[in-house]
Amino acid sequence: MVTVNFSTILRSITNNESSVSIEFKGSIRSLLEALSNRYGETFSKRVLDNGQIRRYINIYVNGEDIRFLQGLDTELKSTDVIDFIPSVSGGC
Amino acid sequence: MTFARRLICTNCNKEYDLSVRNACGNCFAALNVQYDYEKLGRYLREKIETRSHNIWRYKELLPFYNGSVGIHSGFTPLRKAHRLGEKWGLKNLFLKDDTVNPTGSFKDRPASLGVASAVHFGLEAVGCASTGNLAAATAAAASLACLPSYIFVPNGLDSSKLDTTRIFGGTIYKLGDTYDEVNRKANLIADRYGWGIVNINLRPFYVEGSKTLIFEILEQLNWSHPDHIVIPLGSGALLDAVNRGYEELISLGVVSKGDKARLSGTQPFGCSPIVNAYLKGSNEISPIKYPDTIVKSLAIGDPASGYEALDIIRRTGGWGDNPSDAEVVEAQLALAKTEGLFVEQTGGCALASVKRKAEDGKIDRSEVVVVALTGHGYKTLDTTRQFLDTAIENSESLEIAV
């Protein structure tokens with residue numbers, strides 16, 4: 001069972017769900033498909049841009065940015081925690 | 001009164017009421033505050049010039065004026081660096097000295113706006129994710145607003161930055177080894193607790209405070225354009241705010257159209273994701289997982305406003321540069337020994353880039369160059385101490401009876 005958390009701003013595409021636990025095995029790319037099935041096509045349209053993660057969203061697996069892993073091809077384990085967070089935060 | 005009217009997405013132009021949110025719900029890009037410029041009326045310059053010397057001098061172009069918060073922040077000196085300029089062959093080198101802000105860095109500007117917006121929205125506490133300077137600035141602004149502050153930092157910061165934050169009553173949490181890890185966790189905290197994390201869920205209002213840096217530079221140059229402004233880049237948001245404030249004053253006629261300064265950015269070699277993209281001619285910014293630099297204020301591997309900063313540098317004809325840590329310290333100490341000013345490594349980074357670009361002819365000898373010195377040297381004394389080559393002598397070396 002993987003746990004997926006969505007930052008407040010992203011809940012506009014998750015029927016206002018902040019977190020979901022689902023039986024899942026596969027890559028981040030497959031997870032996005034599973035989440036699109038759950039939330040509708042809008043989900044993947046808003047998260048992806050030309051097949052890549054939209055610049056304004058960061059995805060983390062157990063706290064690790066997937067850009068430092070294998071990106072969309074990052075394989076998930078059943079106990080993983082995935083966070084979707086807008087990239088526009090911090091600094092100045 | 002505020003002329004701020006709404007938030008607008010920087011990517012898809014979707015509009016929102018002024019509210020606690022950091023990104024667009026449609027495309028998740030950054031939001032900017034939009035003002036009713038047409039209602040500002042005439043004589044804005046004259047109104048500004050009659051006011052007190054703090055950030056609220058420019059209150060028409062800031063959200064949520066607050067008569068308590070921010071009253072000590074801003075209107076810092078613009079100093080002409082005669083001796084350093086002579087040393088590096090620059091006739092018109094100016095230093096925007098933000099070390100004299102109440103907590104010793106430019107962060108008093110945006111933190112004041114972040115806390116003022118928390119007050120406006122009736123939030124019960126404020127906080128921030130910080131590499132150190134914002135920590136103290138947020139805690140100080142919170143003390144003026146009588147709000148508790150929760151400060152999230154990475155491990156390994158100079159002790160003076162932590163102690164300064166504690167002096168103002170901030171509660172510090174160390175949340176990881178890098179700023180980016182802290183930032184991710186602070187996002188989760190903002191969602192969970194409903195606090196006003198100034199550079200997360202209050203970010204659109206917070207960044208407005210940094211516009212006052214350029215407002216002051218232009219006013220202190222008698223509302224004329226410099227040729228060139230050099231800004232240190234952490235997240236890139238300061239350069240973005242400087243550019244936006246600059247464009248506002250041009251569009252309002254406070255400064256003339258045309259001859260806008262080139263805007264350049266500088267990052268340390270060990271953490272320069274924005275500058276790397278500039279130097280490669282790339283439109284993609286690759287994040288840095290483990291920043292490796294003594295310039296801890298700029299050790300942000302995944303810059304939130306990186307793309308905006310990269311675009312501004314290119315559009316204005318500026319440059320991006322990334323000096324080594326050794327060059328940073330050399331410039332930091334050169335400033336101290338010529339101008340009597342002690343800045344943290346961030347200022348040294350900006351100055352090192354100016355020196356490099358003066359040497360290779362990318363800055364003309366007569367250009368009016370303004371360099372943002374964003375933080376005081378006492379804040380990073382632990383780091384600087386390692387590079388001091390002046391011994392502390394014992395009394396036996398003096399020919400006196402002790």
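Is helix H11 of chain B, residues 306–315, mostly covered or mostly open, and how many of its 10 residues are buried? Hello everyone, let's start there. This is a predicted model, where local features need pLDDT of at least 70, side-chain atom pairs count only at pLDDT 80 or more, and totals for chains, interfaces and linings use all residues. Residues are numbered from 1 along each chain as its sequence is written, with chains lettered from A and ligands numbered from 1 in the order in which they are written.

So, H11(B) is mostly covered, with seven of its 10 residues buried; buried means 20 or more other C-beta atoms, placed from the backbone, within 10 Å of the residue's own. Helices here are DSSP runs of H or I, at least four residues, and strands are runs of E, at least two, numbered from the N terminus. Among the buried ones are B:Tyr307, B:Leu310 and B:Ile313. The cover includes helix H9 (237–251) and strand E11 (262–266) of chain B. After H11(B) comes B:Gly317, with a positive phi near 75 degrees.

Now the largest nonpolar core, which has 142 residues. Such a core is a set of buried Ala, Val, Leu, Ile, Met, Phe, Trp, Tyr and Cys residues joined through C-beta atoms within 7 Å. B:Ala23 is one of the residues touching the most other members. Helix H4 (133–144) of chain B gives the most to this core, nine residues.

Three strands of chain B form an open sheet in the order E2-E1-E3, with antiparallel pairing; strands pair if DSSP finds at least two bridges between them. E2 (15–16) and E3 (31–35) are the edge strands. B:Ile8 has B:Glu15 in E2(B) as its bridge partner.

Key: A residue is buried if 20 or more other C-beta atoms lie within 10 Å of its own, exposed if 12 or fewer, and partly exposed in between; C-beta atoms are placed from the backbone. Two residues are in contact if their C-beta atoms, placed from the backbone, lie within 7 Å.
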